[in-house]
Amino acid sequence: MTFVVTENCIKCKFTDCVDVCPVDCFHEGPNFLVIDPDECIDCSLCEPECPADAIFSEDEVPTEQQSFIELNRELSKLWPVITEVQKPEKDADEWKGKPDKLQHLKR
Ligand code: SF4
Ligand code: F3S
């Protein structure tokens, strides 16, 4: 079992999640974070930390966001680990909760 970062992280990237992860399994892209499913120990600490409610346990990912399970796996192998909290994306508060953000994902 792993936790998964879903669509609402895109263009927000608050990074609060990074601070609590005991095994450094978050990886950073230009405007999105992902979790390496091979490293996540399923501790659930990150889930309540996300101001955008973007993190779900794998078995609770909403139906329309199922593709993010594979996307986390794929991108975590390509992107570097992030261990320090950073400033959120510009306009992160305005993008929080907006629909159809997948089109804005930068790789
Ligand atoms: Fe890290 Fe725990 Fe979140 Fe997995 S569930 S990403 S181990 S904080
Ligand atoms: Fe993204 Fe939420 Fe972490 S917006 S960077 S999953 S705190």
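**Exercise 1.** By class, how many nonpolar, polar and charged residues does the shell around ligand 2 have?

*Solution.* First, the ground rules. This is a predicted model, where local features need pLDDT of at least 70, side-chain atom pairs count only at pLDDT 80 or more, and totals for chains, interfaces and linings use all residues. Residues are numbered from 1 along each chain as its sequence is written, chains are lettered from A and ligands numbered from 1 in the order in which they are written, and side-chain values use heavy atoms, with hydrogens and water left out.

Step 1: list the shell, taking residues with a heavy atom within 4 Å of the ligand. For ligand 2 that gives V5, C9, K13, F14, T15, D16, C17, L33, C50, P51 and I55.

Step 2: sort them. Ala, Val, Leu, Ile, Met, Phe, Trp, Tyr, Cys and Pro are nonpolar, Asp, Glu, Lys and Arg charged, and the others, Gly among them, polar. The tally is eight nonpolar, one polar and two charged.

**Exercise 2.** Work out the class make-up of the shell around ligand 1.

*Solution.* Step 1: the shell is F3, C21, P22, V23, C25, F26, I35, C40, I41, C43, S44 and C46.

Step 2: sorting gives eleven nonpolar, one polar and no charged residues.

**Exercise 3.** Is T15 buried or exposed, and what does T15 touch?

*Solution.* Step 1: T15 has 2% relative accessibility, so it counts as buried (under 20% relative accessible area; exposed is over 50%, partly exposed in between; 1.4 Å probe, protein chains only).

Step 2: skipping neighbours within four places in sequence, T15 is in contact (heavy atoms within 4.5 Å) with I82, V85 and Q86.

Step 3: zoom in on Q86, whose backbone nitrogen lies 2.8 Å from a polar atom of the T15 side chain.

Notes
Polar contact = N/O pair within 3.5 Å; in protein donor to acceptor, adjacent residues only side chain to side chain.
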